[in-house]
Amino acid sequence: MSNPKISLSSPHMGGDEQKFIQEAFDNNWIAPNGPGIFSFENDIENYLENVNVTALNSGTAAIHLGLVLLGVKKGDEVLVQTHTHVASVNPIIYQGATPVFIDSEVDTWNLCPVFLEKAITDRISKGQKPKAIIAVHIYGIPYKIEAIRTVADKYNIPILEDSAEALGSSYKGQKCGTFGDIGILSFNGNKIITTSGGGALITKTKAEKEKAIFFATQSKDPAPYYQHSEIGYNYRMSTICASIGRGQMKVLNNHVVSRRAMHDFYLDLFENVEGITVFSVPNEDYYSNYWLTTILIDSEKNNTINRETIRLALEQENIESRPLWKPMHLQPIFKEYPYYGSNIAQSLFENGLCLPSGSNLTAMERAKIRRVVLKLYQR
Ligand SMILES: *Cc1c(COP(=O)(O)O)cnc(C)c1O
């Protein structure tokens, strides 16, 4: 009997993507430049409002260029939340800078403002003021926007807002991606919309956007030949990917509705299950796209079932689930770098699980997930 896999989050095409790709072919605008890319950037600018958007070939590239624009250089220190995807951190290393890891708070699982400030004052007392803060809206839940901004402004340190997972989320009605001094998005295959692979840099000014495009296209000086006075990168998005993105922008709102419906499905499923909390926004100011729905398992309340029992039961039925991000300060590659916290992120990793959350999951797939979970709790 076939038992097709249920994924955490898979690409979900809207229908117009191929039409826009055809348009690129018809105009022979295949290169990473031209009207297809400008249209995609326009779509995102209209959606986010009052920002400038540069389409790039990955979210990782966007974070890297963001650090370059913020002037992060060799020997600098960059504060970053430990509970995140590795792409929030690797670009710090690309620049020859040092990551300083900060724990989560329990309300949003993002950057803890208390440990953030502790880290800043401690780094200053050791002789160096950190150059930037990377704040992440993990799983689509906005970080504590006001508290983090207050700390950043107090010490005059810019925020790079990693909104890779939070396109469609907002705080007090303002869209995620627009809160940082610089923001980034990802359109990787597993994100809420995808260009197959891609990302974007979000800046406040047109001048920063122009500078980003300059860096992203090998930093060519204005000359009839190839002359370079600065290090450049090959980070621009291809028109084919941007064409997919134009189609995806048309269905972004639908995807947000569907992901939020998946979150409601899990709230209902676990409503009467002792010891399981479906992670949700702390209050009405926060609006999450619920890119992934996650649960915390309190194994003290439920001594026979832990994170692995649930994960393995799902896996046996070919349903994908995954532990929450393993903290970056516990990664073998980053273990030598400073960390400020009280092991909240570590406890999340040990007790938390991401569940299938795609906007394209069918009623039958949901019924199967329900069946497997309920079976676990039958004595
Ligand atoms: C996916 C992701 C990225 C990286 O984006 P890519 O497009 O895959 O390079 C960065 N930060 C976070 C939090 C992510 O989830």
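Contact here means heavy atoms within 4.5 Å.

1. A word on the ground rules: this is a predicted model, where local features need pLDDT of at least 70, side-chain atom pairs count only at pLDDT 80 or more, and totals for chains, interfaces and linings use all residues. Residues are numbered from 1 along each chain as its sequence is written, and side-chain values use heavy atoms, with hydrogens and water left out.

2. Let's begin with histidine 255, which sits in helix H9 (residues 252-269); helices (H or I, at least four residues) and strands (E, at least two) are DSSP runs, numbered from the N terminus. Leaving aside residues up to four places away in sequence, histidine 255 touches His12, Ile192, Ile193, Gln248 and Ser359. Its relative accessibility is 2%, so histidine 255 counts as buried (buried is under 20% relative accessible area, exposed over 50%, partly exposed in between, with a 1.4 Å probe and protein chains only).

3. Now the aromatic rings. Rings of Phe, Tyr and Trp (its six-membered ring) pair if their centres lie within 6.5 Å; planes under 30 degrees apart are stacked, over 60 edge-to-face, and the rest tilted. That rule gives 12 aromatic pairs. One of them is the stacked pair of tryptophan 109 and phenylalanine 279, with 3.6 Å between centres and 10 degrees between planes. These two residues are 170 apart in the chain: tryptophan 109 is in the loop between strand S3 (98-102) and helix H5 (113-125), and phenylalanine 279 in the loop between strand S10 (276-278) and strand S11 (286-287). Both tryptophan 109 and phenylalanine 279 are buried.

4. Do look at the cluster as well: ring pairs join Trp109, Tyr139, Phe279 and Trp325.

5. Two charges sit over rings, the test being NZ of Lys or CZ of Arg within 6 Å of the ring centre and within 35 degrees of the ring normal. Lysine 19 lies over the face of phenylalanine 20, 4.8 Å from the ring centre, and arginine 307 over that of phenylalanine 349, at 5.3 Å.

6. Finally, the sheet. Eight strands make an open sheet with mixed pairing, in the order S1-S9-S8-S5-S4-S2-S3-S14; two strands pair if DSSP finds at least two bridges between them. Strand S1 (52-56) and strand S14 (339-340) are at the edges with a single partner strand each, so one side of each has no neighbour in the sheet. Strand S4 (residues 132-136) and strand S5 (residues 159-162) pair in the parallel sense over four bridges, and valine 136 stands opposite aspartate 162 in S5.
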